[in-house]
Each structure stands twice: as structure tokens, then as C-alpha cells.
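Student: I have a structure here that I would like to go through with you. Could we begin with the terms and then work through the parts?

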Amino acid sequence: MAQAARHPQWSSRLLTFVALMLLIFSLTPTRFTGWLAGLGGFVERVVTPVSHPASWLAGVMAGGARASSGDAAVDELARYETLARRLSAENERLRLLIQDLQAGVAYASRPVVPVVASVIARSSDPSSPALTVRAGRSHGVEVSDVAVVRGIDIVGRVERVSSRTALVRPITDRSGGPIDGVVDVSDGGTLRCQLEPTGPGVLSGPLISEYLGDEREPRLPEVGALVRLSDSAWPESAQMLVIGRVTEVVPDPEQPLRYTATVSPRAELSRVAELIVRTSPEPSVSGEGGER
Amino acid sequence: MSRAAALLACWIAIGLERGFASVFLIELGSLRIAPSVAAPVFVFLALQASRASAVWVCVLTGAALDLTWSPGTATGAGVMLGPYAIGHLLGAAFLLKARGSVDKKNPLTLIVMSVAFMIIVQTFVSLVMGLRSVYDTIEWSMATEWTSRMASAGATGFLALAWWIVLRPVTPLMGFQQPLARFSSSRSY
């Protein structure tokens with residue numbers, strides 16, 4: 001009888017202690033709670049046998065964003081266009097490399113090894129569209145590697161890696177920060193744009209024209225034009241990959257002579273079922289693709 | 001209640017929450033409405049189980065949700081423990097107060113209690129994250145997040161109805177006693 005009476009008291013004290021500890025943890029800045037990642041990894045491993053089939057089923061229900069845009073010719077064209085632009089960018093890079101080498105600066109270009117990774121889980125909270133994929137350090141994945149679908153469409157970057165899984169932060173996540181791109185304009189030139197995630201599944205930002213002539217018609221991209229990555233904070237191997245399509249170009253309400261573009265990734269990033277992580281066969285030696 | 005059955009139910013619920021998150025996601029402007037797949041299961045268990053079991057089920061599942069959240073920060077993916085766990089604890093306290101006056105056989109009970117549970121949990125999570133955003137590197141828009149989460153809480157009611165259809169037949173297998181007989185007699189905690 002006395003033992004039965006003591007049990008609730010003991011349980012109540014334990015609960016109070018746990019609640020206090022949780023309160024302290026919940027207010028502790030994230031820079032002090034990194035060590036909890038191991039515990040999170042353990043929970044992820046435990047729930048993966050359920051979340052992985054569910055995620056696969058969710059991908060099937062969403063139509064399988066990994067497959068294609070529905071038009072094979074359009075996909076093929078986009079692939080060749082990417083190749084041509086990359087060669088052009090590579091040409092430019094080599095030209096600059098020669099300049100750098102002549103100036104005594106060493107620079108090592110790195111090849112890319114694609115690793116196919118299925119999405120095994122999403123974040124348990126709706127505010128974070130982060131994807132957990134089944135490819136980790138044992139597959140050569142490192143922090144800052146770039147994840148793509150259809151070979152050229154950027155999904156995001158790897159933010160955390162364990163031995164068998166990695167966390168990919170989509171480019172449309174608001175905490176992801178700005179991303180620079182280039183977009184074609186109707187006269188055959190390009191404009192730069194600095195995009196930021198602004199809403200669900202979209203990025204937007206100002207179009208930056210280097211042209212300072214007296215033209216009356218502004219040089220603007222057409223709706224549907226592809227925006228490609230051109231950002232020195234991203235790995236060199238990811239340059240000219242596709243960020244998305246222009247869905248809207250409107251004058252900036254505060255500066256009517258400037259224009260803002262809205263860009264949507266071609267794949268619905270929150271529903272991607274499988275992606276490709278572009279890994280490097282060698283560990284990074286240069287400052288390429290550093291963490292944000 | 002069978003502890004093994006409760007653990008199994010929570011394991012499946014959290015797995016489905018993480019796997020099916022994108023299926024029920026509705027994006028309206030800046031709102032991300034994401035009904036919780038798992039919350040109705042936790043509520044169902046909390047309504048049926050003993051008080052101590054109900055509380056611990058909610059705290060542990062909340063901790064599991066915290067650890068698998070990975071909020072974006074300026075320095076990469078963050079890890080935290082607490083907001084959901086304490087939110088679930090507060091939600092469990094509400095359920096334990098309310099369950100004596102509800103009809104557990106009625107599907108509306110699970111629907112209403114799931115929505116109320118989610119409102120409590122998500123309000124607490126929003127408050128904690130809003131507070132953290134003052135001194136931590138977390139990006140948090142209090143008004144948008146809270147509105148999204150309240151809409152998500154409302155949408156959870158639809159999934160609660162679906163869960164009621166699934167859980168109702170398997171209730172005897174989970175080792176619960178007769179629901180109505182249990183209310184007045186069992187207070188082990």
C-alpha cells in the first residue's frame with residue numbers, strides 16, 4: 001500500500017524534472033545543442049522503416065517528381081542547353097584560371113560523382129521543408145554538396161550528413177538565404193538576379209542590368225525563361241544548373257525603373273521522391289562551396 | 001493499455017508523419033497548412049490510457065518530433081529538444097482534464113480533441129520559437145507561423161476522422177479497458 005502511494009510521487013517528481021530539463025533545452029540556442037544531432041539521427045533510424053515506404057508512396061501519389069517534365073524533347077533540349085552553357089562557362093573559367101595561374105594562384109577544379117538518393121523523410125514540422133535522403137558519408141556525401149532532380153534542376157544543398165543519411169535544405173526554404181542567378185532576355189543577352197525565398201515554393205528578387213544605355217524599352221526576361229545558378233558561394237560544378245522558371249516580372253513598387261522577377265523551381269521540391277546528390281570524389285581542399 | 005501496442009502505434013504515427021508530410025501540405029500564399037498525421041493517434045492514446053501513460057506518451061512523442069525537426073538556422077540545420085515535448089505535455093494536461101466529460105465513442109470527440117491539442121501544441125511551439133528568434137539564429141515570422149499552424153490544427157480534424165475509422169476496430173487489440181468504465185475508477189497518477 002505504501003509502495004503504491006510512493007510510486008505516483010516518484011513518477012510526478014520525475015515528470016517535473018523532465019519538464020524542467022525540456023524547458024531549459026527548448027530555450028537553449030542551437031549552437032549549444034548540436035550534440036543532440038546524434039539522438040536525432042537515432043530517432044530517424046528508428047522511424048525510417050515506416051517513413052521511407054510512406055515517403056515513397058507519397059512520391060507515387062504526387063506523380064513522381066523525379067521522372068520528367070512530361071515532355072521528353074523539352075527535357076532533352078534543356079539538358080543540351082545546360083551542357084552548352086556549362087562549356088561556355090567552363091571556357092570563361094579556364095580563361096580566368098589562366099589569368100589566376102599567371103598571377104600565381106592555384107585553383108583545382110573537381111569532378112562530380114552523382115549519387116542517387118531517395119527521400120526517406122521530411123521534417124516533422126511544417127515550417128521546415130528540409131528533406132532527409134538515404135545517402136550519407138559512406139556514399140561520399142559531404143556538407144554543401146548540391147542535390148538536383150532530372151540531372152540539372154537544383155533542389156538544394158546538403159546541410160548535415162550522417163553515415164547513411166543527409167539533410168538537404170531546399171533552395172525555397174526561407175532560412176536558405178539569397179542565391180544569385182542569370183536569366184536570358186529577349187535580345188539574346190542575360191541579366192543577373194539575386195533571388196531570395198519569399199513564399200511557398202518560390203523565390204524572387206531584383207533583376208540587375210549592367211546596361212546603362214538610353215533605351216526606352218527595358219530588357220526583361222520572358223515568362224517561362226530559365227534562371228540558372230551563377231553564385232560564387234555555390235560549388236563551381238553547380239554553376240549554370242537550373243534554379244527554375246520565371247513566372248512573373250513586375251516593376252519594383254519602390255523603384256519603378258527596377259524590376260523584380262519571381263521564379264519557381266520546375267520540380268515541386270516539397271514533393272520530390274528521389275534526387276541526385278552531386279558529390280566530389282575527393283575531399284574539398286579549396287574554399288569552394290563553403291557553408292553559409 | 002498494452003505498452004507495446006502504444007509504442008507500436010506511436011512509431012507508426014511518427015513514421016507516417018514524416019513520410020506523408022508532403023501529401024497533405026497545402027500552400028496558400030505565405031501559409032503552409034500541414035495537418036498533423038500523428039497528433040490524432042497521440043490524442044486517441046491519451047484519451048484511452050492511464051494518466052501516467054498518457055503523459056509519457058505525449059512527452060516522448062513530442063521529443064521525437066523535436067529531434068526530427070531540423071529548423072534552418074544561419075549556420076546550417078539546427079537541432080533542438082523541448083518545444084514539441086512541452087507542447088505535448090500541455091496538450092496532455094488539457095486532454096486529461098477534458099476526457100472525463102467527453103464521449104470517447106463519438107468520432108467528434110477525437111476530431112475536436114485533436115484540433116484543441118494541436119492548437120495548444122502549436123501555440124506553445126510558436127511562442128518558444130518566437131522567443132528564440134530574438135537571441136538565436138532562427139528565422140521565424142511569428143504572425144505567419146502562428147496563422148499557418150492554427151490552420152494546420154483545424155485541418156488535423158479531417159485526418160482525425162480518418163484515424164477514428166482506422167483505430168476504432170483495433171482498439172480492443174491495444175489492451176484498453178471499456179472506455180466508459182475506466183473514467184471514474186482509474187487514477188493511478
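Tutor: A residue is called buried if 20 or more other C-beta atoms lie within 10 Å of its own, exposed if 12 or fewer, and partly exposed in between, with C-beta atoms placed from the backbone. In chain A, buried residues make up 37% of the 292 residues.

Student: What kind of model is this, and what are the ground rules?

Tutor: This is a predicted model, in which local features need pLDDT of at least 70 and side-chain atom pairs count only at pLDDT 80 or more, while totals for chains, interfaces and linings use all residues. Residues are numbered from 1 along each chain as its sequence is written, and chains are lettered from A and ligands numbered from 1 in the order in which they are written.

Student: Which ipTM and pTM does the model score?

Tutor: The model scores ipTM 0.82 and pTM 0.72.

Student: What is the mean pLDDT of chain B?

Tutor: The pLDDT is the predictor's confidence in each residue, from 0 to 100. For chain B its mean is 83, and 90% of the residues reach 70 or more. Confidence in chain B is highest in helix α4 (residues 83–98), at a mean of 92, and lowest in helix α7 (residues 179–185), at 41. Over residues 178–189 of chain B the pLDDT is below 50, and this stretch has 16 contacts in the model beyond near neighbours in sequence. Two residues are in contact if their C-beta atoms, placed from the backbone, lie within 7 Å.

Student: Turning to chain A, how many helices and strands does the secondary structure come to?

Tutor: Chain A has 3 helices and 12 strands. Helices (H or I, at least four residues) and strands (E, at least two) are DSSP runs, numbered from the N terminus.

Student: Why is strand β5 of chain A largely enclosed?

Tutor: Strand β5(A), residues 166–170, is largely enclosed by the rest of the structure because 5 of its 5 residues are buried. Ala166(A), Val168(A) and Pro170(A) point one way from the strand, and Leu167(A) and Arg169(A) point the other way.

Student: Which strands pair with β5(A)?

Tutor: Two strands pair if DSSP finds at least two bridges between them. Strand β2(A), residues 131–133, runs antiparallel to β5(A) and is joined to it by 3 bridges. Strand β4(A), residues 153–161, pairs with β5(A) in the antiparallel sense over 5 bridges. Val168(A) is the bridge partner of Leu131(A), and Val158(A) also stands opposite Val168(A). The strands β4(A) and β5(A) form a hairpin with 4 residues between them.

Student: What do β6(A) and β7(A) form?

Tutor: They form a hairpin with 5 residues between them, and Gly188(A) in the turn has a positive phi of about 100 degrees. Strands β6(A) (residues 179–184) and β7(A) (residues 190–199) pair in the antiparallel sense over 6 bridges. Strands β7(A) and β8(A) form a hairpin with 2 residues between them, where Gly201(A) in the turn has a positive phi of about 75 degrees.

Student: Now the interface. How many residues does the contact take from each chain?

Tutor: The contact takes 52 residues from chain A and 53 residues from chain B. On the side of chain A that touches chain B, the largest share, 13 residues, comes from α2(A). That side divides into 24 nonpolar, 18 polar and 10 charged residues. Here Ala, Val, Leu, Ile, Met, Phe, Trp, Tyr, Cys and Pro count as nonpolar, Asp, Glu, Lys and Arg as charged, and the others, Gly among them, as polar.
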